[in-house]
Amino acid sequence: MTEAAGAPAHIVDRRESKPLGALDSTEVSSWLKEILCRQLTADPFYFSWADIVSELSTIAEFVPPLGMSCSAQPVSLEVEAVIRRIREAGVLTPSPIEIRKYLSENINTTKLVETLCFAAIERFGARAQVSLELFQSREYDDEYLTINIRQERYEPELMREIEEVNSVFDDELSSVSGWVQITTDFHPPR
Amino acid sequence: MNSIGWRISPSNDRKLLYSKEVDMARKYEKSPIVEVACEFRTPSTAAWDPTVPGLLYEKFRDDFPTKEQKPVHEILVTPSGKELKQEIRSEERALFFSEDKKSFIQVGPRLVVVNALKPYPEWPSFSATIDKVYNALAQVIEVQSLSRIGLRYVNRFEIPKENSDLKDYLALYPSFGKSLPESLPGFHLVCSWAYEDGRDVCRTNLVEVVPDTVGHRGLILDFDYFLAKPETVQNKEAMKWLEKAHERIEDLFEGCITDRLRSIFKEVK
């Protein structure tokens, strides 16, 4: 079923901490509906999914008639929506302009950045500051996104935990044009 | 801005008319346009097979040489008798980028989208690209009519938050009564304007977004003009339809903003 829904197996339903791969088709359908309702209430940008929500009378006026295709999402709106959602989840974005620029140049990376931010918040959010930033390497003339985990006092196990979360996304990272990783600079929270 | 000059007949028969009062599109030094997108969807009855993206790429590769893929999840609801049939679908959408990655083409099943990011290439250039892509599509598959055409303009800008009101900058804005709470982290205003007896609709979104500058309010003003009645525009009329869509989006945009916002965009006269 995971294949049919297109949801990567490692993405976890945060309500029940149940891997999507363990859900059957009815559960995935129900889960997606709930996500849709939530996103459409908060983010009517998501008109590309709006057909299904035409069933919902509360927002019926926002969506086109049944059976009509909906607009392909402009990438700029997708980026804005992701920045807002990760901030609402507790991720700091000290320089949103840099994130926007990077993601507009690596548009197939946007969803992965969001997924990694949520994974970082889930694993470290309760005990550390999580901050999405653009890292620019002068040495290699390279730049990529980092999700910095910052703590007042660093635990010895932190790097191993970071690697553990990063490794789950290795396959996804290899299929996108950009680069993002959870890391730490061992600085105190800003 | 009015001036004397030639203009295309509003009846869209491409006749040139001479007029003393021609509405010329305003130009801005700091244009707020961050993205434009033009979308074509062919009906579900139209032929389409997995070789189409590759065939289209051969037509575009000089201008859009870089290939990428992007996973897309779609949920479709279609009427089936008296019930609604739900289908969860996952697809890899093909993306073909220009060398500078500022414009790209998305190709999915029965879908072709032309996107251009900031800096806006101006309508003559963007419409020429659309025309080229659409002609390529018509060469690869038989296009009788379209289930959807869409033209979308996404504007992003920031206005000072302190000592200013939305209505100072916008002619389209939400109004909040005095008895409502003052704490308002964000808003989303949606209006739909109908044209051609409801055949076309322009959905306008005004959304508060995360600002780049402290003390400012970030806003998206997004115009999504689309064919609301599927298959009512024939293949050969598509570009004419787009010209009209562009004209109406321009008019709506100007209708939504005030001179104070124009001064931020720095109009070029």
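**Close-ups of a two-chain model**

Searching the whole structure turns up zero disulfides over all chains. Everything shown here comes from a predicted model.

View 1. A:C117 has 0% relative accessibility, so it counts as buried. Over in chain B, B:C38 is in no disulfide, and the nearest cysteine sulfur, belonging to B:C202, sits 13 Å away. A disulfide would need the two sulfur atoms within 2.5 Å. B:C38 counts as buried too, because its relative accessibility is 0%.

**View 2. A three-stranded open sheet in chain A.** The strand order is β3-β4-β5, and the pairing is mixed. At the edges stand β3 (129-137) and β5 (180-183) of chain A; each has a single partner strand, so one side of each is left without a neighbour in the sheet. On average, neighbouring strands here are turned by 30 degrees against each other, ignoring direction.

**View 3. Zooming in on the β3-β4 pair of chain A.** β3(A) and β4(A), the latter covering residues 142-150, run antiparallel and are joined by nine bridges. As a reminder, strands of a sheet pair through backbone hydrogen bonds, either parallel or antiparallel.

**View 4. Helices lying across the chain A sheet.** Helix α5 (residues 96-105) of chain A lies across β3 and β4 of chain A and runs at about 130 degrees to β4(A). Helix α7 (residues 158-168) of chain A lies across β4 and β5 of chain A, at about 155 degrees to β5(A).

**View 5. The largest nonpolar core, and another one apart from it.** The largest core has 62 residues, and those touching the most other members are B:F40, B:F126, B:I149, B:L151, B:L170, B:L242 and B:I257. Its top contributor is helix α4 (residues 238-256) of chain B, which gives nine residues. Apart from this core lies another, of 33 residues, including A:I83, A:A128, A:L134 and A:V176.

**View 6. Who touches B:L151?** Leaving out residues up to four places away in sequence, B:L151 touches, among others, B:A37, B:C38, B:W123, B:F126 and B:F223. Its contacts also include B:D224, B:Y225, B:L242, B:A245, B:H246 and B:I249.

**View 7. The buried residues of helix α1 in chain B.** Along this helix (residues 52-60), B:V52, B:P53, B:L56, B:Y57 and B:F60 are buried. They cover an arc of only 135 degrees around the axis, so they end up on the same side of α1(B). An α-helix has 3.6 residues a turn, so residues three or four places apart point the same way.

Definitions and conventions. Residues numbered from 1 in each chain as written. Chains lettered and ligands numbered in written order. Predicted model: local features only at pLDDT ≥ 70, side-chain atom pairs only at ≥ 80, totals over all residues. Heavy atoms only, no water. Pairing = 2+ DSSP bridges. Helix = DSSP H or I, 4+ residues; strand = E, 2+ residues; numbered from the N terminus. Axes fitted to C-alpha atoms, helices over the stretch in contact; angles between N-to-C directions. Contact = heavy atoms within 4.5 Å. Buried < 20%, exposed > 50% of the residue type's maximum accessible area, 1.4 Å probe, protein only. Core = buried A, V, L, I, M, F, W, Y, C linked by side-chain atoms within 4.5 Å. Arc of directions from axis to C-beta.
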